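User: Please take a close look at one part of this protein: the side-chain contacts around its strands. I would like to know what pairs with what, and where the partners sit.

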Amino acid sequence: MKTVRLILGMFCILSLSNPAFSHQAGAPFSGAISEPIILHHAHIEDEQGLNLSFTDDFQKEDGETKRFGFESSLELATSWGDDFNFGSEIFVPFSDLGNDDNRYALGDIELWPIKYAFLNEPESILTGALSIGLPTGNEDRGFGEGQTTLGAMMFLDQAWRNWFFGLNAEFESVVSGPTETEVEVAIAVSYSFIEGTGDGIAAALPKQSIVPILSLELISEEILSGLEKDNDSLSIVPGFHIWTPASDWYISVGAELPLNSYRNNDFKMHLKVRNHFDWDGLLH
């Protein structure tokens with residue numbers, strides 16, 4: 001539990017250090033471009049997020065035993081320069097989803113060394129990224145896959161007044177460890193209750209204390225080769241978000257519901273907290 005407190009403490013320190021907006025200070029993006037629960041957004045910014053997931057019927061590897069499961073991911077992102085065209089991200093997972101009960105440990109860390117926005121407009125962003133998965137989790141205890149992976153991703157953000165549409169596409173292949181290749185496609189739609197949008201672009205900083213947001217996500221993962229072949233998954237995630245523009249807090253809750261017969265659990269609850277931090281201000 002010391003590690004959990006450390007993650008929470010780091011997140012709080014970074015969050016309180018630089019209150020900004022839903023988007024990084026100076027970012028030109030529409031305020032209707034939301035922060036999905038599962039999907040990754042295309043716009044590139046300095047930000048940090050803490051993602052928490054809970055399930056009361058996590059299925060262990062023996063296929064029979066079920067128990068409560070907890071997982072978290074600390075997400076840190078940075079943009080390079082002032083044009084929001086280049087950036088990098090890192091995801092640090094921590095959970096109790098191993099083979100042993102009541103054991104919490106680090107999982108496989110994922111790096112996105114480069115993200116580049118091919119299209120970067122207030123309501124339309126198209127970004128490509130490379131990913132590297134590192135076998136940092138203990139495979140013997142069930143906290144890692146023992147694989148080094150390489151992936152190519154494409155993200156699209158499209159806003160129109162108060163509406164947002166998001167699309168993710170990812171191809172990932174194992175370069176070290178048990179062979180596996182997979183493709184993931186996900187879409188999201190959301191509506192932000194931002195006042196005064198009219199026929200124009202939603203304000204990046206709405207003049208209201210709270211902005212409620214409703215969202216719906218659909219996530220499809222297909223395993224093309226490897227030991228998990230045919231264990232494809234399809235799930236839907238309805239979500240509710242609260243954004244406080246003045247303080248820069250963005251809090252999301254959602255329920256992930258599997259739609260296919262293959263599943264590790266019947267549903268999963270998500271809690272996501274985000275904020276922004278000026279990394280350039282820290283480094284200079």
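Analyst: Two rings of Phe, Tyr or Trp count as an aromatic pair if their centres lie within 6.5 Å, and the pair is called stacked if the planes are under 30 degrees apart. The model is predicted. By that rule, it has 12 aromatic pairs. One of them joins F94 and Y104, whose ring centres are 6.2 Å apart with 15° between the planes, so the pair is stacked. F94 belongs to strand β3 (residues 86–95), while Y104 is in the loop between β3 and β4 (105–106), so this contact ties together parts that are 10 residues apart in sequence.

The next contacts are between charged groups. Side chains of opposite charge can pair when their charged atoms come close. The structure holds 5 salt bridges. In one of these, R274 meets E47, with the closest N and O atoms 3.2 Å apart. This bridge links distant parts of the chain, since R274 is in strand β13 (residues 268–275) and E47 is in strand β1 (residues 47–59), 227 residues apart. R274 is buried, with a relative accessible area of 4%. E47 is buried as well, at 2% relative accessibility.

R274 also forms a salt bridge with E75, at 2.9 Å from N to O. E75 lies in strand β2 and R274 in strand β13, so the bridge ties together parts that are 199 residues apart in sequence. E75, too, counts as buried, at 3% relative accessibility. These contacts belong to a network of salt bridges that links E35, E47, E75 and R274.

Another salt bridge pairs E71 with K268, and here the closest N and O atoms are 2.9 Å apart. E71 is in strand β2 (residues 66–80) and K268 in strand β13, so the pair ties together parts that are 197 residues apart in sequence. E71 is partly exposed, with a relative accessible area of 25%, whereas K268 is buried, at 17%.

Definitions and conventions: Residues numbered from 1 in each chain as written. Predicted model: local features only at pLDDT ≥ 70, side-chain atom pairs only at ≥ 80, totals over all residues. Heavy atoms only, no water. Phe/Tyr/Trp six-rings, centres within 6.5 Å; stacked < 30°, edge-to-face > 60°. Helix = DSSP H or I, 4+ residues; strand = E, 2+ residues; numbered from the N terminus. Salt bridge = Lys/Arg side-chain N within 4 Å of Asp/Glu carboxyl O. Buried < 20%, exposed > 50% of the residue type's maximum accessible area, 1.4 Å probe, protein only.
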